[in-house]
Amino acid sequence: MSDSVITVTVKLFAIYQEVYGVNELVWEFQSGTPVQAVCDRLITQHPKLSKWREITRFGVNLQFVEPDTILQNGDEVVLIPPVNGG
């Protein structure tokens with residue numbers, strides 16, 4: 001496991017955007033971190049988001065990915081909670 005740090009941009013939508021009050025965050029993670037860790041950090045900072053953990057989908061660079069997908073430096077991460085209406 002490398003100790004290098006990567007930077008990712010986190011795009012927030014729906015409930016995540018409402019809670020944070022912004023539509024984008026820039027966060028650093030250790031290299032080798034899975035995309036699920038982005039959601040974990042959001043929930044650590046705002047525990048009321050925990051009910052969305054199991055139903056949020058992940059996108060990296062405009063592609064849907066599995067929660068264990070490893071982040072790369074410069075990735076754009078999107079957390080997509082269920083959205084009502086349409």
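Trainee: How many helices and strands does the secondary structure of the protein come to?
Mentor: The protein has two helices and five strands, where helices (H or I, at least four residues) and strands (E, at least two) are DSSP runs numbered from the N terminus. This is a predicted model, in which local features need pLDDT of at least 70, side-chain atom pairs count only at pLDDT 80 or more, and totals for chains, interfaces and linings use all residues. Residues are numbered from 1 along each chain as its sequence is written, and side-chain values use heavy atoms, with hydrogens and water left out.

Trainee: And in what order do the elements run from the N terminus on?
Mentor: The order is β-α-β-α-β-β-β.

Trainee: Switching topic, what share of the residues count as buried?
Mentor: Of the 86 residues, 37% count as buried, a term that means under 20% relative accessible area, with exposed being over 50% and partly exposed in between (1.4 Å probe, protein chains only).

Trainee: Is Ala14 buried, exposed or partly exposed, and why?
Mentor: Ala14 counts as partly exposed because its relative accessibility is 30%.

Trainee: What about Leu62, where is that one?
Mentor: Leu62 sits in the loop between strand E3 (57-60) and strand E4 (63-65), and it has a positive phi of about 70° although it is not a glycine. Its relative accessibility is 77%, so Leu62 counts as exposed.
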